[in-house]
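Trainee: Could you take me through how the parts of a protein model meet, and how to read a contact between them?

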Amino acid sequence: MDTPPSAPHRPQAAAHAPATEAVHAGREDLTALGLHAAPLDLSTTYPSPDSRGEAARLDAFAATGAQLSGPPVYARLDNPTTARFERALARLEGTESAVAFASGMAALSAVLLARGAAGLRHVVAVRPLYGCSDHLLESGLLGTEVTWAEPDGVGAALRPDTGLVLAETPANPTLAEMDLDALAARCGDVPLLVDNTFATPVLQRPRDHGASLVLHSATKYLGGHGDVLGGVVACDEGQARALRQIRFATGGVLHPLAGYLLLRGLATLPVRMRAQSAGAAELARRLAADPRVERVHYPRLGGAMVAFEVAGDPHEVIGAVRLITPAVSLGSVDTLIQHPGSISHRIVAAEDRRAGGISDRLLRMSVGLEDVEDLWRDLDAALAASAATAVPSATALVP
Ligand code: MET
């Protein structure tokens, strides 16, 4: 992270269209290996018969953070299955490298630690962000100091010790969008990290718009099936080296089985995103026309997330769905709904939630692959249950 951000608008050339990359990236050597599916290597350690050689390789890793050449040494340095996922995600995001972590929060923590270690502990961030990202910055738990800014105020908020600008678009949970080109221009030489979890590289590649680092909670659309926890940062190799050093020192590694599942998930990411987005766009249209709904948030960019504010009690909608799962998280093949004020953004102080445009009446829905008529029937019944309850005062909504 000591290296200055490389020239923006210089993404890695993709040899094939994104749908083809999604299926083949990270698997380039399989035919030569005589394999079809990617191998899953669960080893925690590896034979090191040449200790002198290993000492030299470890010295090189400690000094540079460059991936080891030759066989792995220990699973906290790297893992060949996870490395396949990293290569594939970098291809899809158009970056030189990617570094995977145990969760999205471990990935964000590594970026903050790397910037802090370079003496740049001030962060400028735009609200809203995912609730735990907001909390990590607001609490200063990692020794960072945050200045919250509107997108057009980011330039004025920069200081000599600013190490990072952080933004999320479409944002969790309001789906607010921002102009990434304009934002990147305001960051000057300070690296811009964009959380691309909601859009995925299928809908938006922040690197093409001047971002230096692209963050994902891989738990969501990249995995796509609600059965794997992970995080990843796509970035230039210089930044990746600093992140590998942090990952080695702090241990927030992705489990190789998670790396395997994430690589498998990437293969269907484009087709899942297109199908789920079509369902979400249709539900957003129906919700917008429904008198029981006061406001619908759906990104111009599209995507499979819909947020809406109900006229009645949002908690009643959560309690009344039968097909849709009332659960936090997103990006799975099944539809989930949750109340951000109670779960995903509960850890953000109420006044900060409101400052970020997160109403107590807001519900956030992650639309899956079910038939849209079945989903609408479920939502329609849940909205009826909500509308039948007395409209609570705003203060009574969140316990
Ligand atoms: C623990 S709460 C949130 C999980 C996830 N990042 C979400 O926004 O749903």
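Mentor: Two residues are in contact if their C-beta atoms, placed from the backbone, lie within 7 Å. The model here is a predicted one, and its protein is divided into domain 1 (18-268) and domain 2 (270-389). By that criterion, 30 residues of domain 1 are in contact with 31 residues of domain 2.

Trainee: Which helices supply at least two residues each of the side of domain 1 that touches domain 2?

Mentor: They are helix H1 (18-24), helix H6 (131-139) and helix H9 (200-203), and H6 gives the largest share, with four residues. By class, that side of domain 1 consists of 15 nonpolar, eleven polar and four charged residues.

Trainee: How are H5 and H6 oriented to each other?

Mentor: Angles under 35 degrees count as roughly parallel. The axes of helix H5 (residues 104-117) and H6 cross at roughly 30° and come within 10 Å, and H5 and H6 are therefore roughly parallel to each other. Their crossing is right-handed, and the contact is made by Met-105, Leu-108 and Ser-109 on H5 with Cys-132, Ser-133 and Leu-136 on H6. These residues divide into four nonpolar and two polar, with no charged ones.

Conventions. Residues are numbered from 1 along each chain as its sequence is written. This is a predicted model: local features need pLDDT of at least 70, side-chain atom pairs count only at pLDDT 80 or more; totals for chains, interfaces and linings use all residues. Domain bounds come from an automatic or database domain assignment. Ala, Val, Leu, Ile, Met, Phe, Trp, Tyr, Cys and Pro count as nonpolar, Asp, Glu, Lys and Arg as charged, and the others, Gly among them, as polar. Axes are lines fitted to C-alpha atoms, for helices over the stretch in contact, and angles run from 0 to 180 degrees between N-to-C directions. Angles under 35 degrees count as roughly parallel, over 145 as roughly antiparallel, 65 to 115 as roughly perpendicular and the rest as oblique. A crossing is left-handed if the near helix is turned anticlockwise from the far one by less than a right angle, and right-handed if clockwise.
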